[in-house]
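Thank you all for coming; I would like to walk through one model with you, going from its pockets to its aromatic rings and then to its charged pairs. Please keep the sequence and the structure in view while I talk.

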Amino acid sequence: EDRTYLRVPNSWRPIDTTELGAAIGLDPTVDANAQGFWLAAYDAAADPSTAHLLGPHSADPAVFVGVQDIPPEYRGQVSLDLMRDFFGRPVSEMGRQRAAANPASPFSGFGLISDEVLTPGDGIRGVHSVYQYRIQGGPAQVFDQTLYVNDDASKLFMLYVRCSAQCYDQRQQEIASVVSSFTVRENP
């Protein structure tokens, strides 16, 4: 309905959306669409798990795609830096400064691989960031995320891929194919 598309390899398996919704704070007793959220996720691992998206370590690629309605009172707050930091990992300069000042932060070893402002037209704008973190002192993880917002900031379109740094090096072409397939078309 929100004209958001993604192509994943046939071998990647779907992650249960009810489990995923609960893990990101949605009410599991209410349909995600009724909560203003459309989501889907896939995992390259043989046993798909929400932990591969949200846990401290993922050896195989996992991908999340979603569309979230933004309530009118928050629409003026959607900035490129908010989109960079949206998934709870501080990517923006300000976000990294706040995390560094927090002794309880689980993130260390930040490395920015790329950061690009996206202006494809068709009523959307956004940011594509690829970065590395260690979570809770674990092995380095690479995160590849793209977020778009429409012109009136009423919808946020999200793509998030992650796996270990070693996995990312080995499967970079496969991941790049998934990321490049992410398409958002603003409703006419």
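Predicted model: local features only at pLDDT ≥ 70, side-chain atom pairs only at ≥ 80, totals over all residues.

Let me begin with what I mean by a pocket: on a 1 Å grid over the protein atoms alone, a pocket is an open set of points where a 1.4 Å probe fits, with protein on both sides within 12 Å along at least five of seven lines, and its lining residues are those with an atom within 4 Å of a point. Grid points are joined across faces, edges and corners, and a volume is the space filled by probe spheres set on the points.

Residues are numbered from 1 along each chain as its sequence is written, and side-chain values use heavy atoms, with hydrogens and water left out.

The largest pocket holds about 260 Å³ of space. Its lining is made of 14 residues, and those nearest the centre are Ile24, Leu54, Phe64, Phe86 and Phe87. By class, the lining of the largest pocket has eleven nonpolar residues, two polar and one charged, where Ala, Val, Leu, Ile, Met, Phe, Trp, Tyr, Cys and Pro count as nonpolar, Asp, Glu, Lys and Arg as charged, and the others, Gly among them, as polar.

What is the volume of the second largest pocket? It comes to about 220 Å³, and the residues that line this pocket include Glu1, Asp2, Arg3, Trp38 and Lys155. Strand β4 (62-69) and strand β3 (37-43) each supply at least two lining residues, and the largest share, three residues, comes from β4. The lining of this second pocket divides into three nonpolar, four polar and five charged residues.

Turning to the rings, there are eleven aromatic pairs, counted when ring centres of Phe, Tyr or Trp (its six-membered ring) lie within 6.5 Å, with planes under 30 degrees apart called stacked, over 60 edge-to-face and the rest tilted. Phe86 and Phe87 have ring centres 5.6 Å apart and planes at 85°, so they are edge-to-face. Phe87 is buried at 17% relative accessibility, whereas Phe86, at 31%, is partly exposed; buried means under 20% relative accessible area, exposed over 50%, and partly exposed in between (1.4 Å probe, protein chains only). Both rings belong to one aromatic cluster, which also includes Phe37, Phe64 and Tyr160.

Finally, how many salt bridges are there? The count is six, taking a side-chain nitrogen of Lys or Arg within 4 Å of a carboxyl oxygen of Asp or Glu. Arg84, buried at 10% relative accessibility, forms one with Asp81 (2.8 Å, N to O), three residues away in helix α3 (residues 80-84) and therefore about one helical turn apart. Arg84 also meets Asp115 in a salt bridge (2.8 Å, N to O); Asp115 lies in strand β5 (residues 107-121), so this pair ties together parts that are 31 residues apart in sequence. Elsewhere, Asp60, Arg171 and Glu174 are linked in a network of salt bridges.

Definitions and conventions:
Helix = DSSP H or I, 4+ residues; strand = E, 2+ residues; numbered from the N terminus.
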